[in-house]
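Thanks for coming. I have one structure to go through this morning, with some remarks on the chain and then two residues. Please have the viewer open.

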Amino acid sequence: MEVDKPKTKTKKLSRSRRKQNKRKTNPDKERENKPDSPWDSVPSTHETPSKATKFENGCDSLTLIKDAVVVLTKLPEYKIGALRPPTPPQFYSEDESFSSSDSDTQWESEEDSSDSDFWVINSKLKYSNSSNSGISLCSRDKIRPDLPEEEINVDMMVIARRRPMRWQRGKIVEIITKDDGRLKYKVSFEDKGTCLVSGHHIAFDSRPKVEQLYIGARVVVRCQNNKYRFRPGILAELPSRKNQFRFLMFMDDHTPVYVGLPLFHMVCRPLEDVLDDVPDGAHKCFMRQYLKDWPYPHLNKYRAGQSFNVELNGVMQMCEVVVIDCSLMQVVFQENQRREWIFRGSVRLEHIARLWEERNKLESKDDSDSD
């Protein structure tokens, strides 16, 4: 009886050892019985493959095989932004247009227009940063780029000023140097007639380049009802998500219009102060203040159906908001049902006009006090 007891102990020990070895040789089975965990799929790194495990059946060792596991970790947005390489502002492909020439907008102030008249951009537009504002809007956008001037040569097609609000396509037939060194360009128009103009009264016939664009740039915009006529204006908004990736222009008659890239042209030799080329009046004062306030121009909030007074032909008339389109709103005048697009910070709005009057009175008072 004394001899049998140690034998029983040996059996129990060998069984328990076999159970331990079985657990080691079947790790997958053991994991199946455990709840899922991110650590279960990763083998322990504390075990060394060179160590041998003795078995009762005479096997010398068990080689541990380790599987490579790739663990993906989602980085926060600020880290992703820091890893992105910097890209130049206002970048997009020159070959991708913001709109098609078939979807021109009606911006003539004497005719009606509708929301569907506005150009719609190509949805494949590439923008420079990942923020909701798309192309960045900041103070540097109104700084004229320091770029070498493009050459102007004889036989070059340009868009030249024929009258203050009427520019037309023509060809440079002669370049004349005045006694004071100023250059004049003799332009022969496509529909007959010639004129002698300065460099700030001709625009390139080619599409604008990305690096040329900035807030306050002097441009000419093609008329919708006559593709051979253009009107002068100033670039007031660069494309962004806020304006559905369009350019906002202010014509010299204060008419605002959203346009696509193929439908405007850069003036060849703009004046140092582009507003010197804008006729004196309320619009010139408005544009000076607008460029001063950029990138935070004054904009009022309106809703469809709201009524208020708007200046029309020098008289304040009641109108109603039809639709809001980014910085613009379409209004219909109650008296004659005429529709127009108005900038939401325009001096034509009665309450804005009053603010301007008060500001002018204060400025005049300050000037008189200083004298």
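A polar contact, as I use the term, is a pair of N or O atoms within 3.5 Å, where one must be able to donate a hydrogen and the other to accept it. On that basis, the side chains of Lys184 and Ser198 are joined by a polar contact of 2.8 Å. Keep in mind that this is a predicted model.

The whole chain, briefly. It has 371 residues, of which 38% count as buried. Its secondary structure amounts to five helices and 14 strands. Taking contacts between residues at least 6 apart in sequence, 55% join residues at least 24 apart.

Buried or exposed? Asp277 has a relative accessible area of 17%, and the cut-off for buried is under 20%, so Asp277 counts as buried. Its side chain makes a polar contact of 3.2 Å with the side chain of His201. Outside its sequence neighbours within four places, Asp277 also touches His200, Arg218, Asp252 and Leu271. Pro232 is 45 residues from Asp277 in sequence, with a C-alpha to C-alpha separation of 9.5 Å.

Methods. Residues are numbered from 1 along each chain as its sequence is written. This is a predicted model: local features need pLDDT of at least 70, side-chain atom pairs count only at pLDDT 80 or more; totals for chains, interfaces and linings use all residues. Side-chain values use heavy atoms; hydrogens and water are left out. Buried means under 20% relative accessible area, exposed over 50%, partly exposed in between (1.4 Å probe, protein chains only). Contact means heavy atoms within 4.5 Å. Helices (H or I, at least four residues) and strands (E, at least two) are DSSP runs, numbered from the N terminus.
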